[in-house]
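Welcome! Please take a moment to look over the sequence and the 3D view, and then we will walk through them together.

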Amino acid sequence: MSAIIEVPQRLDESSFDLVAAGYAASAGAAKVIVDAHATEWISPYGLTTLLAAGQALRERDGHPALFTVPGDRNVAHFWARMGFFTHAAEIFELHGSVPRVKAGESKVLLEVTPVRQAEDVHSVVHHIQDKSAEILTSELGLDPKATMGFGMALSEACQNIVEHAGTGGWVAVHSYNWRKLGKRVVVIAVADAGVGFRHTLEPTQAKRFGERWGDGAALEAALLQSVSRFRDPGRGQGLAGIRRYLGRWQGKLSIRSGTARIAIVPPWDDDTPLVENLAPFPGAQVQLVIPAEAEQAK
Amino acid sequence: MITQIDVREVLVQLGHGRPDLVTRPTGRAVRTSIELELGRLSGRTVVVLDFSDVRIIDCSCADEIVAKLVQASFGSELQLDAFFLIRGLDDDQINDIDHVLRPQRLALVAETAGRLRLVGEVADDARAAFGLLAARGRTDARELADALAWTVEVARTVLDDLAGRRLVMHDDGLYLAPHTAA
């Protein structure tokens with residue numbers, strides 16, 4: 001029997017749970033089809049989490065899922081320019097016409113980029129600092145100081161994959177208009193289908209939390225208490241560093257892992273700080289949002 | 001003696017062309033290089049870690065380089081009587097290092113705009129004592145006690161604690177700020 005995971009018309013952080021629910025429901029199906037033919041808009045979070053879904057399906061089912069390319073030519077072209085299909089071809093069986101694009105056609109801050117090892121983190125950070133600092137400051141009005149911290153936050157977000165996921169993942173950085181805020185934002189999305197926060201922290205933290213232990217408690221421990229799986233007290237500071245950076249620039253951080261999602265919510269947003277009992281999805285999916293023309297918090 | 005270590009130059013020697021201190025493996029490699037350099041020295045030394053030409057330092061590198069070097073100065077890893085001072089970082093970067101040091105109950109001296117300040121976990125009275133000492137360059141327990149309206153015993157205890165944490169130098173009854181001491 002086949003199972004279809006429908007990719008929503010708009011795929012971003014808020015609609016990703018439909019994909020996660022589809023992933024969970026497709027367990028046991030002989031064939032899984034990830035259908036993006038009707039998708040019209042996608043965020044960097046959507047692009048990276050779709051790849052994570054493909055990786056998770058392949059590992060769970062032992063063979064690649066089918067992936068239906070967006071039917072709209074312009075949409076498919078955009079995905080191609082973002083580098084999505086280059087990586088999707090390695091984990092999905094692609095169905096539909098994949099547009100060919102020339103290297104360097106993209107104007108985004110960072111196309112979908114794989115993160116597997118520390119050297120990849122270096123490449124990502126250097127790319128942003130070398131090629132995108134100008135865009136961040138002149139076009140988006142970010143304070144030059146914010147671009148330095150931006151590199152730090154990007155580095156720490158990517159290192160979570162290298163240090164904890166137990167597998168590779170993807171990162172993408174775009175800027176676009178955030179409807180709720182009414183201004184441009186820079187969005188960093190980092191996603192993997194690895195072991196996730198609960199599994200990583202279970203050996204050292206499960207006993208401390210007792211019956212409360214779960215994906216939500218693991219996210220709280222990591223993000224709010226800077227807990228790490230390592231006993232070294234110097235570890236676990238990466239997410240705290242991201243929080244401080246976003247706090248300075250009124251940014252937003254959210255992390256989904258397993259069945260829970262935690263968010264540090266700035267005054268301009270009304271997201272829920274902790275959501276539990278979501279459809280299970282492996283690994284960790286992280287999003288950082290930095291508003292353009294951000295003024296440093298006093 | 002003062003030893004200046006250009007951290008950017010250490011990165012270059014390790015084959016990193018760009019001025020970004022990111023990831024733990026890079027931090028470990030930089031620290032190992034610095035430890036090798038310090039292994040050639042002996043005696044009391046102010047070690048100035050100069051980050052002026054570094055663009056980014058993430059929390060992982062801050063821990064691997066700064067925190068672990070300070071930690072090493074209390075153990076047998078370094079034979080040196082080392083007093084660490086960091087220079088060339090902006091306020092946000094120093095703030096990040098402060099947060100990396102605090103959970104480990106570590107501290108060190110930072111120089112910003114020509115002034116010395118303590119970064120990391122330090123009690124308020126020790127911070128006040130250091131502020132006065134940094135402004136004067138050197139002091140003794142009596143002078144500090146007079147300036148801060150403390151007893152001499154309290155002033156001496158606070159200064160000894162700072163010296164024990166390698167944040168000031170103690171020499172023949174005088175306590176000296178690292179940059180003036182060498």
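At roughly what angle do the axes of helix α7 and helix α8 of chain A cross, and within what distance do they come? The axes of α7 (residues 196–209) and α8 (residues 215–224) cross at roughly 90 degrees and come within 9 Å. Keep in mind as you read that this is a predicted model.

**Two helix pairs in chain A**

- Two packed helices are described by the angle between their axes and the distance between the axes.
- For α7(A) and α8(A), the angle of roughly 90 degrees means that the two helices are roughly perpendicular to each other.
- On the α7(A) side, the residues that meet α8(A) are A:Phe197, A:Arg198, A:Leu201, A:Gln205 and A:Phe209.
- Their partners in α8(A) are A:Asp215, A:Ala217, A:Ala218, A:Leu219, A:Ala221 and A:Ala222. Sorted by class, this contact has 8 nonpolar, 1 polar and 2 charged residues.
- Helix α1 (residues 16–25) and helix α2 (residues 44–61) of chain A pack at an angle of about 5 degrees, and their axes are 11 Å apart. These two helices are therefore roughly parallel to each other.
- From α1(A), the contact uses A:Phe16, A:Val19 and A:Tyr23. From α2(A) come A:Tyr45, A:Gly46, A:Thr49, A:Ala53, A:Ala56 and A:Leu57.
- That contact of α1(A) with α2(A) has 7 nonpolar residues, 2 polar ones and no charged ones.

**A sheet in chain A**

- Strands of a sheet pair through backbone hydrogen bonds, either parallel or antiparallel.
- Chain A has an open sheet of 7 strands with antiparallel pairing, in the order β7-β8-β9-β13-β10-β11-β12.
- Its edge strands, each pairing on one side only, are β7 (110–115) and β12 (274–275) of chain A.
- Strand β11 (residues 260–264) of chain A is joined to β12(A) by 2 bridges, and the two strands run antiparallel. Here A:Arg261 stands opposite A:Val275 in β12(A).
- Helix α6(A) packs on the sheet and touches β7, β8 (169–178), β9 (183–192) and β13 (281–291) of chain A. The direction of α6(A) makes about 175 degrees with that of β13(A).
- Helix α9(A) also packs on the sheet, touching β10 (252–258), β11 and β13 of chain A. The direction of α9(A) makes about 145 degrees with that of β10(A).

**Where the chains meet**

- Chain A and chain B each give 22 residues to their contact.
- In chain A, the elements that give two or more residues to this side are α5 (118–139), α6 (144–165) and α9 (238–248).
- The largest share on the chain A side, 8 residues, comes from α6(A).
- By class, the chain A side divides into 7 nonpolar, 11 polar and 4 charged residues.

**Chain B at a glance**

- Chain B has 8 helices and 10 strands, and 44% of its 182 residues count as buried.
- A compact globule of 182 residues would have a radius of gyration near 16 Å, and the 16 Å of chain B agrees with that.
- Among contacts in chain B between residues at least 6 apart in sequence, 64% join residues at least 24 apart.

- B:Thr23 is not a glycine, yet has a positive phi of about 80 degrees. Look for B:Thr23 in the loop between β2 (20–21) and α2 (24–39) of chain B.
- Is B:Thr23 buried or exposed? B:Thr23 is buried, with 26 other C-beta atoms within 10 Å.
- B:Ala113 is not a glycine either, and has a positive phi of about 50 degrees. B:Ala113 sits in the loop between β6 (107–112) and β7 (115–120) of chain B.
- B:Ala113 is exposed, with 6 other C-beta atoms within 10 Å.

Terms used:
Residues are numbered from 1 along each chain as its sequence is written. Chains are lettered from A and ligands numbered from 1 in the order in which they are written. This is a predicted model: local features need pLDDT of at least 70, side-chain atom pairs count only at pLDDT 80 or more; totals for chains, interfaces and linings use all residues. Helices (H or I, at least four residues) and strands (E, at least two) are DSSP runs, numbered from the N terminus. The radius of gyration is taken over C-alpha atoms; the globule rule is 2.2 Å times the number of residues to the power 0.38. A residue is buried if 20 or more other C-beta atoms lie within 10 Å of its own, exposed if 12 or fewer, and partly exposed in between; C-beta atoms are placed from the backbone. Two residues are in contact if their C-beta atoms, placed from the backbone, lie within 7 Å. Ala, Val, Leu, Ile, Met, Phe, Trp, Tyr, Cys and Pro count as nonpolar, Asp, Glu, Lys and Arg as charged, and the others, Gly among them, as polar. Axes are lines fitted to C-alpha atoms, for helices over the stretch in contact, and angles run from 0 to 180 degrees between N-to-C directions. Angles under 35 degrees count as roughly parallel, over 145 as roughly antiparallel, 65 to 115 as roughly perpendicular and the rest as oblique. Two strands pair if DSSP finds at least two bridges between them.
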